[in-house]
Each structure stands twice: as structure tokens, then as C-alpha cells.
Amino acid sequence: MALFERFWKRSERGGSRSEDGAGGYYALYDSQRPLDPDDEPPAYRPAGSPDYASWDARMSNLDGHVATAERQRSPMWTRLFWQGRRKRWWAVRIVAAMLLVFVFLIAWLAITAPLSKSLEPIASPQVTLLASDGTPIARSGAMVDAPVEVSDLPPHVIEAFLAIEDRRFYSHWGVDPRGIGRAIWTGRGGGSTITQQLAKFTFLTPEQSLSRKAREALIAFWLEGWLTKDQILSRYLSNAYFGDNQYGLRAASLHYFYRQPENLLPQQAAMLAGLLQAPSRYAPTKHYDRAKTRMDLVVGSMVAAGYMTQAEADALPAPVLDVRTRNDVPTGSYFADWALPIAREDMEPGYARQVISTTLDSQLQSLARRVTNRAGLGDAQVALVAMRPSGEVVAMVGGKDYASSPFNRATQARRQPGSTFKLFVYLAALEAGWEPDDTIDNTAIEKGAYRPKNARERYSDLITLEDAFASSSNVAAVRLFNEIGSERVIRTARSLGVTSAMPEGDPSLALGTSTMTLLELTSAYAGVAANQYPVRPYAFTPEEESWYDWFFTPSDSASERTHDDIEQMLRAAINRGTGEAAELPIANFGKTGTTQNYRDALFVGYAGDLVVGVWVGNDDNSPLDRVTGGGLPARIWKDFMRSALSLPAPRKTAAPDPQGPVQPVDIEEGQEIPLGEEIPLGEDGTSIRFDEEGVILSQDGVPVELRLDEDGFRIEEVDD
């Protein structure tokens, strides 16, 4: 209403009025409104004249405000946005940006270069694996010992490293411009400080690039800002590499001179300091002359730095090596190569050497090696895995000769399982309501794109599931696979622990055309043996499962009827089917497998408390000489099981020496055969064994055995 009053209210003052004098109005602009007689005119203009200067100033300000508004609405990447900014505006924002970058940099360093990492060894400490009886079976990793403290070292030890590596260490801030300039001018040395070297081998890769050098300098400033000089030097000396697989000053001094670093003599400290430039090239155990020449250079640097006089330098004798620990342990074994990475996953970083007991049974491992050595493989390769139904791996052979080929064919090779995969097909059928006595068509498949054939073209009108499994009928397995569906078969395999890819809807899957490792396949059979699956193979005794883990860890098992039925089929396969060559005089269960064109031959089964899988094949996937799963693999399986089930349980050594010599778990051919061990002579169960009295020849199912000893040849009855 005030607006209307401004225009239509009758004025009690002087001003313009309408002709009838009834009322008046105010002009729109104050400069055009008649002056009030009582108002005093401004001093800067005549009374009653328009205020053009004020109007122009206001209009000019209006243009400025419009331009400012347009600039503020402009995108940041346009030139208009940044024009007309005042110096204070720029200064505030530049400072804020610098603070933001600083905070980001601190956060990045805290994540990528935590100070605690400089306390960890740069190489994995040595790990010794023990068999279940306490026998050392493998030793791997760097020789790392306890870290050193600069405050505990004698001055001549510290001075030797400072003289040759970084004389201005206690005066620079992590990066030494003078040292960099000297390196550029002389062309010698890299100009890196001790702090930079600590940053390099602790946090960075050894790549040579400007970006890495920039990160190295940045981390060096970070270390200098948060650690004292003595702490940096201590961490550097505790992690540096000194050759011969020795990491850290303590490990190196014990290795080369059998002395603690606190007791090193000046000449010994000078030789160790000289190794850092090229540890492998100057290692005194292999290149003593080079190490001595390098030591003389270190001593000269100590004289130049004022740490010792020339007379003292001339009086230093050549250090005498005292190497009492050698690192000539076996390079490894198939089992150790599989177990060590698992062990290191659970190890906390540190300098301490680790001694870990494994599940490996040294007796069974030696037996597995002897059995595979005498199997008559020719040019073919072999793999064997033995485990308990719980998943405890007790023996592993990954090939004929580890020294010539460390590739582990038991854990790394992914090959087709052949008919051993039929276990999952028939188990899925049993769970779907089928029974061993149910029949299925066993005639040749004449229609469809996939037309598998039976071995030796043997067919019949109908066949029971038990007979089809025992004879390994391919056409029956494919028809059964199509009846129950691929989804059910794959789900059964997954529940038994198979993680490899299995294509849905592919009928060839029933015959084992998907690939998996022998360890994976053997673990699945272990699940059937235990009727508790999935079974996870393990090399180290797991911690006792808590109630929480037990409650939330998924596990499955077959019904009692289903489990009895599948074991009935597995027993038929080994007692009267394709696996007869593996038959034992005790309850045994197993299945043969042969892939197309005889590329792979397998036998997987269990008896007593052992589950064993055997594979034979060529690394280049070329065909074998008509070797089937019921042939050589079945005989290897039987040979191993006959002796393994009669071996006594391993007993822990009374006083095992973890640091003692490593005992090889692979026995070479030609080594003496232990007394009492049976050696198979054929596929009919005939075997020979030796005892303290002589030689015994026996055959399965025959109640007598032939004995030859110093009393001559005689026949003895076999006790039941």
C-alpha cells in the first residue's frame, strides 16, 4: 500500500496538483519531484536541478554488478570466470589449494608409505617346513635376522657405511643437492642418500624412471620429517642386502664372519659396507678379491672423511671369513612349493625365522616317490595326491623329477578328468531318486550332434546304473546326464568342492571334458569317503573350529541310503569293473578315467583312511601309448595303497632339530628298498618283499607264500 500512497496520496505539501485541485502525485524519480519548501537543497547542485551525476554513478554500478553476476555464473574453465579477481581473492584461494594438496599428500604417504613398513624386512624371512614327525623337509626364504640399533654399534661400523654411502647423512634433509651435483659432475654414484635408499627398497620398485625418483625424494622427506636420523640409519642397516641371500647387517655379519654386528672389527665392517653397491658381484664367499678391493675403497673414504688416519688404514689386515652356515639346502619339493605360499599368507611380517609343522607323512611321501619311480612310465609324467578324508594331505608327487621340472602336475596342471567325473553324474541321479538297480538304455547313440561311443563298441539294450558305472558306459552316462539335467550335476559337483568351470547344457560334461586339477578331483572323492563335504585340502593342521565357524560354515552330506548306493557303485567299479587292477583284499572304492585319444589316464579311490588320486599323461597333451585309467594309474594306486595301509602311524621325533639339515622327501631311483615293503611284479597281485631273513614271494588270494633264505627254498602258509 505504501507504493500506492506514494502516487495517489494527497499531499499536504506543495507540489503539482490536478486542475480541480482534488489531489496530486509524486514524480517517479526524486530528481523530477518538486522540492519541498522546507527541504534544504544539496550543496553540490542548484536547488531544484536534476541529480544527473548521482544517476550516472548508480547506472555505472549497476553495469558492474551485472558483469560480476555474469562472471560468477560462468563455468570455471572459461576465461571470464577468472577475470577481475582481486589479489586477496587469489591469495586466499592459492593458500587453500596448497593446504588441500598438503593434506592429500600426507594422506597418500600415510597409505602408500606407512612408517611401520620401514620396520619390516624387504624379503620374506626363512621358513623351515617340518614333516608330521618333526623331520625338516624344506627350507626357503631369505636369511633375515634381528634388526640392529645404531646406538649399540661401535663408531667404526657406522663410519664405514657413512663414508662410502652418505657422508652428509646427518646434515641433509633426506635429499642431498650437493651429492646429486657431484654425481652429475663426476659421473660416479647415483647421488642417493641413505634415506632415499631406504625409501627405494622399502616402498618402491627398482624401476629406473624420473617419476620413481620423484616419489623416492618425496618419501625421503616424509621419513626425515617423522623419524630421527638414528632411526633411519638403523632401519637401513637392518634391511639392506649383503649378497648370499643375506638381508640386514646382523644376518650378514653372522654369515660372513660369525660375529654379532656389535662386535665387528674395523676391517670386517669396511668389507661389509663395500658390499652394498653390488652385493652379488662383491660377495666375499665367491669373489673375495673383488670384496677386498672394494673394502680398500671404503677405507680410503673413511680416511678422506676424517674417520681414521692413513696410518690406521694401512695397519688394517685383510679380514678372514668364518662362514659356518651354508644356504645350499634343497631347492624345494612339490609339496613344499604348494605349502609355502599358504604358510606365508598367515605369517605376520617380521625378522624372525619361522618353523612350521605340516601334515606331510615322510614315510608315505617316500613310498609315493618309490612307487612312481618304479612304475615304468617311459616318457610320460605322473602325479599322485594322498590325503585323509578330512583333507589332510599326507603325500604329493607332482612329476617324475623335481630338479628337471618343478611344475606341479598335482596342483597346477588342469586336465580333463575323464570318466572319474561320472561320480558326480551318478551321485546327482541317486539324489534325484534313482537307484543302482534301475535300468537305462545302453544302445549306441545314433541321433543328435553329440554321439559318444563305448569302449570297444560294447552295447546292450538295457543296463543297470551299477553295471553302467562299473563298466564305465559312456552312452549310459550321457543319457543319464540328459535325464537329470546339467544343472543338477553341476550343483552336485559344486557341493563336493569343484570350483572349475563347467558349461551348462553340454552333454560331453558327463564324460569329464571340463578341466580341473588332480588335487581338486581327489578332494571331491574325499568328500564322498567322509560323507561330509566340501573337503578343503590343507597342508597345515587347522585351528580348532569355533562354534561360530561351525554354525556359519556351509557343509553338506548325502543321505545314508544315497551314500551307501554310491559306495556300492564305487566298489563294483574296482572289484569287477574297469578298475580291477587296483583291487585290494580290503574294502576299496574307486573309479577309472581315460580321456579322448588316451591323453590322460586317471584312477581315484579310497580305502582305509586314505584317499589317493593318480594321473598319468604327457605335458604337451599328446596321446599316451593306449594307457587307460584301469591300467598303469590303477596299478600305481594299488602299489601305493598296499604298503601305505600297513605302515605304522608317524611318531614325532623326540627332539627334532628344525635348524638341522633338510631331509629330501624325494628318493632317487636305485636307493635301498626298506625291509618289509612289497614290490608288485604284475597285475595278478603277485609281489615280492624283503625281510631280515630273506625274500618272500606272494600273491593275492593264495594262502601260501614262497620264501628263500639261508636255509633254502620253502613254502609257508599265510596266517589269516
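This is a predicted model: local features need pLDDT of at least 70, side-chain atom pairs count only at pLDDT 80 or more; totals for chains, interfaces and linings use all residues.
Residues are numbered from 1 along each chain as its sequence is written, and side-chain values use heavy atoms, leaving out hydrogens and water.

Let's start with the overall picture. The protein chain holds 24 helices and 17 strands; these are DSSP runs numbered from the N terminus, with helices being H or I of at least four residues and strands being E of at least two. Of its 720 residues, 45% count as buried, where buried means under 20% relative accessible area, exposed means over 50%, and partly exposed lies in between (1.4 Å probe, protein chains only). The chain exposes about 38,400 Å², with carbon and sulfur atoms supplying 53% of that area; the areas come from the Shrake-Rupley method with a 1.4 Å probe, and for residues only the protein chains shown count as cover. Among contacts (heavy atoms within 4.5 Å) between residues at least 6 apart in sequence, 64% join residues at least 24 apart.

Now back to strand S11, residues 600-607. Eight of its eight residues are buried, so S11 is largely enclosed by the rest of the structure. In a regular strand the side chains alternate between the two faces of the sheet. Here both faces are covered: Asp-600, Leu-602, Val-604 and Tyr-606 are buried on one side, and Ala-601, Phe-603, Gly-605 and Ala-607 on the other.

Two strands pair if DSSP finds at least two bridges between them. Strand S10 (residues 588-594) runs antiparallel to S11 over seven bridges, and their hairpin has five residues between the strands, where Asn-597 takes a positive phi near 60°. With strand S12 (residues 610-617), S11 pairs in the antiparallel sense over eight bridges, and Gly-605 stands opposite Val-612. This hairpin has two residues between its strands, and Gly-608 in the turn has a positive phi of about 60°.

Next, follow helix H21, residues 518-530. Its 13 residues reach 18 Å from first C-alpha to last, close to the 18 Å expected at 1.5 Å a residue, the expected span being 1.5 Å times one less than the number of residues. Eleven of the 13 are buried, including Leu-518, Tyr-525 and Val-528. Just after H21, Asn-531 takes a positive phi of about 50°.

Finally, look at the rings. Rings of Phe, Tyr and Trp (its six-membered ring) pair if their centres lie within 6.5 Å; planes under 30 degrees apart count as stacked, over 60 as edge-to-face and the rest as tilted. By this rule there are nine aromatic pairs. One of them joins Phe-161 and Phe-242 edge-to-face, at 6.3 Å centre to centre with 85° between the planes. Phe-161 lies in helix H5 (residues 155-165) and Phe-242 in the loop between helix H9 (229-239) and strand S4 (246-247), so the pair ties together parts that are 81 residues apart in sequence. Both Phe-161 and Phe-242 are buried.
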